[in-house]
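The sequence and structure are shown first, and the points follow by topic.

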Amino acid sequence: MDYEVVVVGAGPAGSTAAKHLSEQGISVLLIDKDKFPRKKACGGGIPVRLLKQFSYLEELIDSYSYTGWVHSSFSKSKVQLQREKPTVAMVVREKFDHDLVKLAVAHGTTFMDGKTVTDLVISKDDATIMLDDESSITSHIVIGADGVWSTIAKKAGLASSRESMGVCAFQEQKLGKATMDQWFKNTRTLHVHLHFQGMSGYGWVFPKKEHLNVGIGEIIPLKQKREGKNNLREKYQQYLVELKKQSLIPPSFGTGRIQGGATPLYPLDKTYADRVILCGDAAGLINPVTAEGIHYAMHSGKIAAEVVGDALVSHNYSDDALSQYQTRWKKQFGKDLKILLKTTTSWTNQTEKLIKLLNKDKKLADMALDVLTGQRSIHECRVELVVRALYVYCIDFLRRGNTDN
Ligand SMILES: Cc1cc2nc3c(=O)[nH]c(=O)nc-3n(C[C@H](O)[C@H](O)[C@H](O)COP(=O)(O)OP(=O)(O)OC[C@H]3O[C@@H](n4cnc5c(N)ncnc54)[C@H](O)[C@@H]3O)c2cc1C
């Protein structure tokens, strides 16, 4: 064996898996096709709950947003969601992902960048990855953390044909601290535009310490990918115009190249096989409503490291032994992902009503903020949320009735 474990992909999922494997004294190779530091399509917003789970992240955070405005489709109404403590942590992915790699390396991981994995061969005795320079590396187990278009998922026969996915257009520009302070204050106030102009997704304005990240994301049937890409750029341009009209972003923003990216919407049916485990986007683990995936990437990477650690102790790398991985991530957040997906597909153009309702009741707005920022599991509080919304709706209905009389 060249290594006990090879991790393909050095995003948050791969680096986290590698760090936690190395901490157990396991020999790990972390490999990525890009040279690091590398850019990654992302808004860079992280729920603060992730910091509770991975306290070492605090040092890697760029800035915090303490408050945000959620706007309706055509910007007729808005609601401010706010706490005394920060609601969203912001990172610049280029630096954040590199820092995570450095942490894994500090714990003993070997890192190889600028090498693309082109194939995977699983045999009774080992797992072999082939590289673009025609070399090969063997290990007991391969962790596929190679993102939404995962080669490892395809080669292991785990990738399923997707019917729809999330596509995003965005820009991140360094404007400097003084400009960011002037426009977004110390609170680094963020903005989200639900269903911007009727699209099935949302627009975001994420202010960081020195950077501003603006984008829109939409859920489209995969058949429309090419067409969707073109439409999305146009919608992004319209979004910039609207934001500038409302003086929500500096006029100087948006001069550079518009970048694109894709996100999965739901987990693969099976995220493990003989000698293989898939993490993060490669496994389709992402919040389909917000496209928030860093948390699920890191969480699944950690679970994978634990299950692989057990497999190495028992020398059992079979499909059956590794099924524990799927059992564990499903237990941790599987129900949430299922409910969120239903919310996305039953997502209607009711944003005006929704925001009016949130504006009428602080408790309901707080609950919505908790769910949106991942501080509370939607699975645990959905009944409470629906009951509160119905209560606020009924009280409002009765009040309006009395006023009419
Ligand atoms: C525009 C956009 C905005 C987003 N905004 C947010 C946000 O604000 N907050 C949030 O939490 N999430 C956001 N996401 C989602 C988030 O970016 C992903 O969920 C997250 O990066 C998943 O991490 P990962 O480690 O699984 O994969 P990735 O971060 O995609 O890392 C995969 C790595 O694998 C490498 N790789 C791929 N193929 C190969 C190969 N064949 N050989 C070797 N290496 C390979 C890639 O170079 C890459 O470094 C956004 C996504 C997009 C597209």
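In this predicted model, 12 residues of domain 2 are in contact with 9 residues of domain 3. On the domain 2 side of this contact, strand 6 (residues 78-82) supplies the largest share, 3 residues. That side comprises 5 nonpolar, 5 polar and 2 charged residues.

**Domain layout**

- The protein chain is divided into domain 1 (5-56 + 92-160 + 266-344), domain 2 (63-89 + 162-263) and domain 3 (351-404).
- Taken over C-alpha atoms, the centres of domain 2 and domain 3 are separated by 24 Å.

**Ligand site**

- The ligand lies between domain 1 and domain 2, because both domains give residues to the shell around it.
- There are 40 residues around the ligand, and those that come nearest are Gly11, Gly43, Gly261, Gly280 and Gly293.
- Two or more residues of the shell come from each of helix 1 (12-23), strand 2 (28-32), strand 3 (45-47), strand 13 (164-174), strand 17 (259-263) and helix 7 (294-314).
- By class, the shell around the ligand holds 18 nonpolar, 15 polar and 7 charged residues.

**Nonpolar core**

- In soluble globular proteins, nonpolar side chains tend to be buried together.
- The largest nonpolar core has 109 residues, of which Ile143, Ile277 and Cys279 touch the most other members.
- Helix 7 makes the greatest contribution to this core, with 10 residues; helix 7 is also among the elements that give two or more residues to the ligand shell.
- Beyond its neighbours within four places in sequence, Ile277 is in contact with Ile141, Ile143, Thr271, Tyr272, Ala304, Val307, Val308, Leu322 and Tyr325.

**Helix 10**

- Helix 10 (residues 362-372) is largely enclosed by the rest of the structure, because 8 of its 11 residues are buried.
- The buried residues of helix 10 are Leu364, Ala365, Met367, Ala368, Leu369, Asp370, Val371 and Leu372.
- Gly374 follows helix 10 and has a positive phi, near 75°.

**An exposed position: Gln53**

- Gln53 is part of helix 2 (residues 49-53).
- Gln53 counts as exposed because it has 12 C-beta neighbours inside 10 Å, and the cut-off for an exposed residue is 12 or fewer.
- Gln53 and Ala156 are 103 residues apart along the chain, and their C-alpha atoms are separated by 30 Å.

Definitions and conventions: Residues are numbered from 1 along each chain as its sequence is written. This is a predicted model: local features need pLDDT of at least 70, side-chain atom pairs count only at pLDDT 80 or more; totals for chains, interfaces and linings use all residues. A residue is near a molecule or strand if its C-beta atom, placed from the backbone, lies within 6 Å of it. Helices (H or I, at least four residues) and strands (E, at least two) are DSSP runs, numbered from the N terminus. Ala, Val, Leu, Ile, Met, Phe, Trp, Tyr, Cys and Pro count as nonpolar, Asp, Glu, Lys and Arg as charged, and the others, Gly among them, as polar. Domain bounds come from an automatic or database domain assignment. Two residues are in contact if their C-beta atoms, placed from the backbone, lie within 7 Å. A residue is buried if 20 or more other C-beta atoms lie within 10 Å of its own, exposed if 12 or fewer, and partly exposed in between; C-beta atoms are placed from the backbone. A nonpolar core is a set of buried Ala, Val, Leu, Ile, Met, Phe, Trp, Tyr and Cys residues joined through C-beta atoms within 7 Å.
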